Amino acid sequence: MKTDIKNNDSLKVIYINEIARRLGIKEWQVENCAKLFAEGATIPFVSRYRKERTGGLDEVAVAEVRHWTDVFGEMEKRKEHILETISQAGALTGELEKHIVDCVDARELEDLYLPFRPKRRTRATVAKEAGLEPLADMMYGMTISDPLKEARRFAGDKVATADEALSGARDIIAERLSETASVRETLRRIFGTRRIVTKATKKASSPEAQKYKIYFDYSEPLDRVAPHRMMAMLRAEEEGYISVRIDADAEKCGKKIYYDFCRQRRYPAPPLAEQLHLAFDDAYKRLLEPSISNEVLKEAKEKADIESVRIFGENLRQLLLAPPVGQKRVLAIDPGFRTGCKVVCLDEQGNLLHNEAIFPHPPANEKIKAIQAVSAMVQKYGIEVIAIGNGTAGRETEDFIKRVHLPEGVRVFTVSEDGASIYSASEVARAEFPDHDVTVRGAVSIGRRLMDPLAELVKIDPKSLGVGQYQHDVEQNILKEKLDNTVVSCVNSVGVNLNTASSYLLSYVSGIGPALAENIVEYRTANGAYRSREELLKVKRLGAKAFEQCAGFLRIQGADNPLDASAVHPEAYHIVDKMARDLKVTAKELVGNAQLCSMIDPAKYVGGDFGLPTINDIINELRKPGRDPREEAQQFEFSQDIRTIEDLASGMELPGIVTNITAFGAFVDIGIKQNGLIHVSQMGVKGLADPSKVLKLHQKIKVTVTGVDMERGRISLKLSSC
C-alpha cells in the first residue's frame with residue numbers, strides 16, 4: 001500500500017483525482033507530472049521542456065502539483081502508521097480501513113484516528129479501569145431509562161457510590177463524544193462563522209506593546225480577518241500582550257451537539273437526559289471547546305501563512321529579477337560616517353581589483369582627499385558605474401559623489417543594502433574573500449548586486465532581504481518550499497553563464513545542486529572555459545539524467561554551436577539543424593535571424609515527443625537566443641529638499657522607490673531614514689485587495705504625503721503615479 005513519490009512509486013488514483021480537483025486541471029496532467037517527478041525531473045524542466053506531457057501547465061501549476069504529490073506521499077505514510085496502530089489494538093474493521101484508505105483530507109484522517117490514538121491517562125481511562133464502560137455504553141446507547149438505578153449495580157470495591165459510577169460513566173461519554181468526527185466537524189463549522197476576540201493583558205501597559213494597541217479590545221468575524229491582522233494578533237499573543245479566543249456561544253454549541261445526537265436515536269427519559277446533558281456540557285467545555293478553538297485558529301493561521309508566503313515569494317521574485325547593469329566595471333561604496341566609506345573596485349566579472357576607505361563625512365570631513373581618491377580609482381580602473389549603498393550616510397555619500405568630476409557616461413546608482421551584512425559574515429563570503437574583512441565583503445556585495453542582482457542575492461537567506469511579511473512567524477517548512485521554488489524559478493528563467501557563474505548560483509540550476517555545482521567549477525578551474533554543453537558530461541558524477549535536466553538552462557557565450565548560448569535544449573538541436581537545412585542556411589545563420597525564423601512552418605516539425613508548443617518555443621528562442629527577461633537598470637534621484645522627516649508636510653509630491661509590498665499596502669523609500677506607507681486604500685483603485693496588482697518591488701513612483709506622525713515616526717502616503 002506504500003506510496004512515496006520520491007521513491008518512484010506511482011501516485012494513487014484517489015490522490016491524482018483530488019489534486020486535479022483542487023487545481024482545476026485534468027487527471028492525466030497530474031499523472032504525467034507525477035511520473036516525471038518520479039523519474040527525477042525538476043519543476044523548471046517539466047514546465048519548460050515537457051509541455052506536451054503536461055498539457056502546457058505553467059511553472060506555478062507544475063509547482064502546485066509537485067507540492068501536492070509530496071503532501072499525499074506523506075499522507076500515505078501516515079495512513080500506514082494509523083492502520084498499523086489500530087490493527088495492533090484489534091480495532092480495525094473493514095469499514096474503518098476503507099474510510100482511512102480512501103481519505104484525502106488530513107483533518108478527516110486525524111478525526112478517524114483520534115479514538116484509537118494512544119493517549120495519556122485520562123479521567124475516562126480511570127473510569128474504564130474501574131469497570132464503568134458497560135454503564136457508559138448503556139447510557140450512550142439509550143438502552144436504559146433510569147441511570148441511577150443501573151449505577152447502583154456498579155458500586156463496590158472500585159467505585160464507592162452510584163454517584164461516583166455515574167460521574168465515571170459521564171467521563172467516558174464525554175471523551176467518546178469529543179472523539180466523534182461528526183461532532184468535531186459540526187463545531188468547526190460553527191466556530192468558523194464566529195468572531196475572533198482579543199483583550200489586553202497586564203503586560204500590555206509596556207511601551208513595547210503599543211504597536212498592538214488596536215488589538216487591546218478587538219473583535220471581528222473570523223472569516224473576514226485579513227491575513228496580516230491574523231498574524232499581528234497571534235504575534236501579540238505570543239509576546240504576551242493580548243489574549244485571543246473564538247467567541248463561540250457555549251450554550252448553543254452544547255444544545256446543538258445534544259439535539260444532533262438525539263435526532264440520530266431518540267429523546268431520552270428525563271433521568272437519562274439529565275445525565276447526558278451533564279456529559280455533553282463537560283465534553284464541550286473541557287475537551288471540545290479548547291481543542292476545536294485551537295484547530296480553527298490554527299487553520300486561520302495556516303491560511304494567513306499561505307498568503308504571507310505568497311506575498312514574500314512574489315516580492316522575492318521581483319527582487320531577484322531586478323534589472324542588472326550587466327558586465328561593467330563598478331566602483332561600489334558602503335557608506336558610513338565615523339568609520340568612513342568602504343570603497344571597492346570590481347572588474348566586469350565582479351572580481352575585486354582594489355579596496356580602500358575614504359572619510360568624506362563628519363567627524364573626519366576629509367572631502368578633498370576623498371574626491372581625489374575616488375577620481376583616481378575611476379581613472380585607474382576604468383569605472384563605468386558607481387553603486388552606493390542606501391543605508392546610513394547613503395544620501396550624504398550620493399551628494400558627495402556629485403561633487404566628483406566623473407568622466408562622461410559614468411552612471412551612479414543607489415543600491416539596497418538589505419542582507420549585505422548577512423552575506424559579509426557568511427561562510428560563502430569568507431570562502432570568496434578569506435583575506436578581507438566584513439566591510440570589504442559588504443561593499444563587494446553592493447557592487448555585485450548592481451551588476452547582477454540574481455547572481456549575488458542567491459547567496460543570502462531570503463528572510464534577510466527585507467521583503468517579507470511576518471516571515472519569522474509563518475510555518476517555516478511552507479516558507480522554505482516557496483522561497484526555494486522562487487529562487488530556482490528565477491535562476492532558470494534567466495539562465496546561467498556556465499563559464500562565469502559561481503558554484504552557489506549553479507547549485508540552483510535544474511538538476512544540479514551543491515555537490516555537482518562544486519564539481520562543475522572544479523572542472524572549469526582545471527580545464528579552462530567550457531566550449532560546449534556536451535563537455536558537461538565529463539564533469540565528475542554529472543550523468544545523463546543531470547545533463548538532461550540542466551543543459552537547457554546553462555549558457556556558453558561564444559561556443560562553436562550558437563545553440564549552446566540559447567534556451568534550446570540539446571535534445572532538440574537536430575530539429576534546428578533540419579529547419580536550417582530546409583531553409584538552405586547553416587544553423588549559425590539561422591540563430592538570431594528573425595526574418596529566417598518567420599519563414600519556418602512549425603507544423604512541419606511536429607513529431608514524436610516534439611509537439612507544437614515545443615516547436616513554437618524553439619522558433620521563438622531562435623529569434624532572440626539567450627534573451628535576458630529582465631529589464632535594463634535605470635538611474636533614480638530622490639528629492640534634494642527632503643532629508644529628514646521634519647522636512648515633510650502634507651500635500652508634498654515626491655519621488656520614491658517601493659521597498660516592500662504587504663497585504664495591506666506598500667512601503668516606499670523617499671530618501672530619509674523612515675519609509676512611508678501607501679495603504680492599499682490609497683492606491684487609486686477602488687476595492688483593490690492586492691497591492692501587488694498595482695506596484696512592483698523597487699518600482700520608481702511618485703507619491704503624495706498625506707500625513708506625518710513625528711512621535712511614532714510614521715509617514716502616510718498616497719500613490720500619485722507609477
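**Ground rules.** I'm working with a predicted model, so local features need pLDDT of at least 70, side-chain atom pairs count only at pLDDT 80 or more, and totals for chains, interfaces and linings use all residues. Residues are numbered from 1 along each chain as its sequence is written, and side-chain values use heavy atoms, leaving out hydrogens and water.

**Entry 1: strand S11.** I looked up residues 653–661, which make up strand S11. Strands here are DSSP runs of E, at least two residues, and helices are runs of H or I, at least four, numbered from the N terminus. Eight of the nine residues in S11 are buried (under 20% relative accessible area with a 1.4 Å probe, protein chains only).

**Entry 2: its partners.** Which strands does S11 pair with? Pairing takes at least two DSSP bridges. S14 (residues 700–709) runs antiparallel to S11, with five bridges; Glu653 has Thr704 as its bridge partner there. Three residues sit between S11 and S12, and the two form a hairpin.

**Entry 3: helices H5 and H7.** How do I describe two packed helices? By the angle and the distance between their axes. For H5 (residues 59–88) and H7 (residues 106–113), the axes come within 11 Å and cross at roughly 10°. The axes are lines fitted to C-alpha atoms over the stretch in contact, with angles from 0 to 180 degrees between N-to-C directions. That crossing makes H5 roughly parallel to H7 (angles under 35 degrees). On the H5 side, the contact (heavy atoms within 4.5 Å) includes Met75 and Ile82, and on the H7 side Leu109 and Tyr113 are among the residues.

Notes: Buried < 20%, exposed > 50% of the residue type's maximum accessible area, 1.4 Å probe, protein only. Parallel < 35°, antiparallel > 145°, perpendicular 65-115°, else oblique.
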